[in-house]
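Here's a quick tour of one protein model, made for a first look. Keep the picture open while you read.

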Amino acid sequence: DAQLLDILAGKLPVDTQLNALEAALTSGSASAKEKVAAFVESRDKQIESSPKVAYADCLEGGDIKAGRELFFTRSSLSCVRCHKVGETGGEVGPSLSQIGLQKDNGYLLEAIVAPDTAIATGFETVVILTEDDENFSGILKSEDDERVQIMDAQGALISIEKDSIVARKKGLSSMPAGLMKYMNRRDLRDLVAYLKSLDGTPEATANIGDVGGHK
């Protein structure tokens with residue numbers, strides 16, 4: 001099968017790779033399915049070491065409308081709880097209203113599947129242990145000679161006296177890892193497409209509050 005050979009050789013356009021692979025797995029011959037299964041197994045071994053390579057078939061070709069629905073309505077992803085688009089959403093993470101202008105598809109995909117790879121400037125996290133044996137973690141918001149102020153996962157600001165700190169280290173991204181447990185590859189492709197569409201124009205952020213009942 002010529003298309004199968006193109007899939008295995010990586011010759012198909014990026015925006016058609018996922019569709020072709022799914023078709024080969026569902027309607028191909030037994031031999032074709034075996035070859036595709038081996039390809040998928042090899043590809044998935046790269047998820048941790050090279051996520052952009054492993055998820056290359058999700059970089060382009062997504063449905064913007066479907067991605068928007070995912071962003072605003074799938075509670076397991078919590079996108080809108082932490083990120084703001086237009087006037088809707090939380091402020092734990094950076095605003096995404098113009099993210100499509102600022103970042104390419106590869107960055108957007110990696111931020112979803114491997115969030116610790118590149119933490120957005122101004123959203124670095126810290127983990128702090130105080131002399132009272134209390135642990136705090138969150139996004140570093142401000143710091144002076146006397147206090148460190150962080151924002152926790154619920155968006156609450158916490159002020160910690162520096163004299164009380166006995167240990168401090170850099171934290172992981174506030175973006176949750178393991179989001180692919182709640183998405184398939186088509187979902188990921190749609191979400192990347194939606195994020196890339198966010199160019200700050202009124203059209204890109206129009207009627208955001210009406211999606212999924214958000215006001």
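Over how many bridges do strand S5 and S6 pair? S5 (residues 147-151) and S6 pair over 5 bridges, in the antiparallel sense. This is a predicted model, where local features need pLDDT of at least 70 and side-chain atom pairs count only at pLDDT 80 or more, while totals for chains, interfaces and linings use all residues. Residues are numbered from 1 along each chain as its sequence is written, and side-chain values use heavy atoms, with hydrogens and water left out.

**The sheet**
- Zooming in on the S6 pairing, isoleucine 150 stands opposite isoleucine 158 in S6.

**The helix pair**
- Helices H8 (residues 105-113) and H9 (residues 185-197) pack with their axes 10 Å apart, at an angle of about 125 degrees (helices are DSSP runs of H or I, at least four residues, and strands are runs of E, at least two, numbered from the N terminus; axes are lines fitted to C-alpha atoms, for helices over the stretch in contact, and angles run from 0 to 180 degrees between N-to-C directions).
- On the H8 side, the contact is made by Asn105, Leu108, Leu109, Ile112 and Val113, and on the H9 side by Leu188, Leu191, Val192, Leu195 and Lys196 (contact means heavy atoms within 4.5 Å).

Note on methods:
Pairing = 2+ DSSP bridges.
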